[in-house]
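Have a look at the sequence and the structure, and then follow the questions.

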Amino acid sequence: MKVLLAGGTGLIGEALAKRLAAEGHNVVILTRKPREAAAQGPRHVRWDGASSGPWEAEIDGAEAVVNLAGESVGSRWARAKKNRITESRIRATGAIVRAIRSSTKKPGVLVNASAVGFYGHVPEGEVTEAMPPGDDFLGTTCAQWETEAQKAGEFGTRVVLMRTGFVIAREAEAFRRLLLPFKLFTGGPFGSGNQWFPWIHLEDVVSGYAYALEHPKLSGPANLTSPNPVRVKQLAKEIGKALHRPSFLPAPAFALKLILGEMSDLLLKGQKAVPLKLKEHGFVFKYETVDQAIRVSV
Ligand SMILES: NC(=O)c1ccc[n+]([C@@H]2O[C@H](COP(=O)([O-])OP(=O)(O)OC[C@H]3O[C@@H](n4cnc5c(N)ncnc54)[C@H](OP(=O)(O)O)[C@@H]3O)[C@@H](O)[C@H]2O)c1
């Protein structure tokens, strides 16, 4: 099938494009910086992530659209940065929905990225897809982003919202940053260490997206997180074990807030998100426990 990948040049997009192309799908990447396609690589098509243009012709007749586009959350959240994080997602998703509306042959499915940040900070208890959004920055951003994507449903396109956890992989920059203090013999839990850390390995992220494309009964929000979230203190212990480094030096919350500002929320606030919907639909995870995922990623 023809799959359009918006924001397909990033961590998840690149891995997903590789997998779909290897399975014989016709993958087209929407990017702001098109590259000459490699001999067998996916075709790159230019868009600006906001306005209509010739790229819209690619949606007409495509069987599926995956939307991963959005400003990276991985640097200090100054006001302008926060605006870009939210606006880039709403604009890109809005542009895709408008293109779907005006296409003659509409895609059967839109699989849209979202994040477990949707739920805000939930100190205790399992968090399933039925929980409402949090009222913090990430919660309100994800809720607006999802609302925009859901509009594609009005034109008969199935919409799946992938509420993804923290992605563990050798190539994931955020994970590499997490490893750094451990490699320097200064690693340990951040904040109290009791907060939940909903993680997932990149291979399972890619399989989850592929699963959503192929399973017509799956729709609406789906937690794309491992079935076994851990508390931060266990995460730190497992990283230390895998790297043969100490893992007891805590990074206090006040220091993280000082260095990272509000972005420290990503580390200090968490939720025990579980993939209830994916499990109900029969999805099988390759990496069920965090020690397995870390071992292959350090
Ligand atoms: N990785 C994680 O741990 C994680 C966890 C939860 C949710 N997610 C969500 O999943 C999606 C994909 O994640 P990822 O890690 O693959 O992200 P990523 O590596 O940052 O890639 C996102 C892509 O979005 C495009 N982009 C960046 N700024 C944009 C803008 N202003 N307008 C339009 N497009 C823009 C870029 O493509 P071009 O430069 O080629 O245009 C980039 O390759 C993101 O929306 C992210 O929020 C990721």
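Predicted model: local features only at pLDDT ≥ 70, side-chain atom pairs only at ≥ 80, totals over all residues.

Q: Which hand does the crossing of α1 and α5 have, and which residues make the contact?
A: The crossing of α1 and α5 is right-handed. From α1 come I12, A15, L16, R19 and L20, and they meet L202, V205, V206, Y209 and A210 of α5.

Q: How do you know which classes of residue make up the contact of α1 with α5?
A: Sorting the residues by class gives nine nonpolar, no polar and one charged. Arg counts as charged, and R19 of α1 is part of this contact.

Q: Why is α4 called roughly perpendicular to α6?
A: Helix α4 (residues 173-183) and helix α6 (residues 232-243) pack at an angle of about 65°, and their axes are 10 Å apart. The range for roughly perpendicular is 65 to 115 degrees, so α4 is described as roughly perpendicular to α6. The crossing of α4 and α6 is right-handed.

Q: Which residues make the contact between α4 and α6, and how do they divide by class?
A: L179, F182 and K183 belong to α4, while I239, G240 and L243 belong to α6. By class, the contact of α4 with α6 has four nonpolar residues, one polar and one charged. Gly is counted among the polar residues, and G240 is one of the contact residues of α6.

Q: What makes α2 (79-102) roughly parallel to helix α3 (residues 137-150)?
A: The axes of α2 and α3 come within 8 Å and cross at roughly 10°. Since angles under 35 degrees count as roughly parallel, that is the description for α2 and α3. On the α2 side, the contact is made by K82, I85, T86, R89, I90, T93, G94 and V97; on the α3 side, by F137, T141, Q144, W145, E148 and A149. These residues divide into six nonpolar, five polar and three charged.

Q: Is I100 buried or exposed, and how do you know?
A: I100 is found in helix α2. A residue is buried if 20 or more other C-beta atoms lie within 10 Å of its own. I100 has 23 such neighbours, so I100 counts as buried. Apart from neighbours within four places in sequence, I100 is in contact with I59, K106, P107, L110, A152, F155 and T157.

Q: Why is S75 called exposed?
A: S75 sits in the loop between β4 (64-67) and α2. S75 has 10, so S75 is exposed. Although S75 and I259 are 184 residues apart along the chain, their C-alpha atoms are separated by 11 Å.

Q: Is A130 buried or exposed?
A: A130 lies in the loop between β6 (126-127) and α3. With 8 other C-beta atoms within 10 Å, A130 is exposed. The C-alpha atoms of A130 and K277 are separated by 9.8 Å, and these two residues are 147 residues apart along the chain.

Q: What is the phi of F185, and what is the phi of H244?
A: Most residues other than glycine have a negative phi. F185, which is not a glycine, has a positive phi of about 65°. For H244, also a residue other than glycine, phi is near 55°, a positive value. F185 is in the loop between α4 and β9 (196-197), and H244 is in the loop between α6 and α7 (253-260).

Q: Are F185 and H244 buried or exposed?
A: F185 has 11 other C-beta atoms within 10 Å and is exposed. H244 has 8 C-beta neighbours inside 10 Å and counts as exposed.

Q: How many residues surround the ligand, and how do they divide by class?
A: The ligand is surrounded by 23 residues, and the closest are G7, G10, T31, G49 and S88. The shell has 10 nonpolar, 10 polar and three charged residues. Its largest share, three residues, comes from α1.

Terms used
Residues numbered from 1 in each chain as written. Left-handed = near helix turned anticlockwise from the far one by under 90°. Helix = DSSP H or I, 4+ residues; strand = E, 2+ residues; numbered from the N terminus. Contact = placed C-beta atoms within 7 Å. Near = placed C-beta within 6 Å. Buried ≥ 20, exposed ≤ 12 C-beta atoms within 10 Å, placed from the backbone. Axes fitted to C-alpha atoms, helices over the stretch in contact; angles between N-to-C directions. Parallel < 35°, antiparallel > 145°, perpendicular 65-115°, else oblique.
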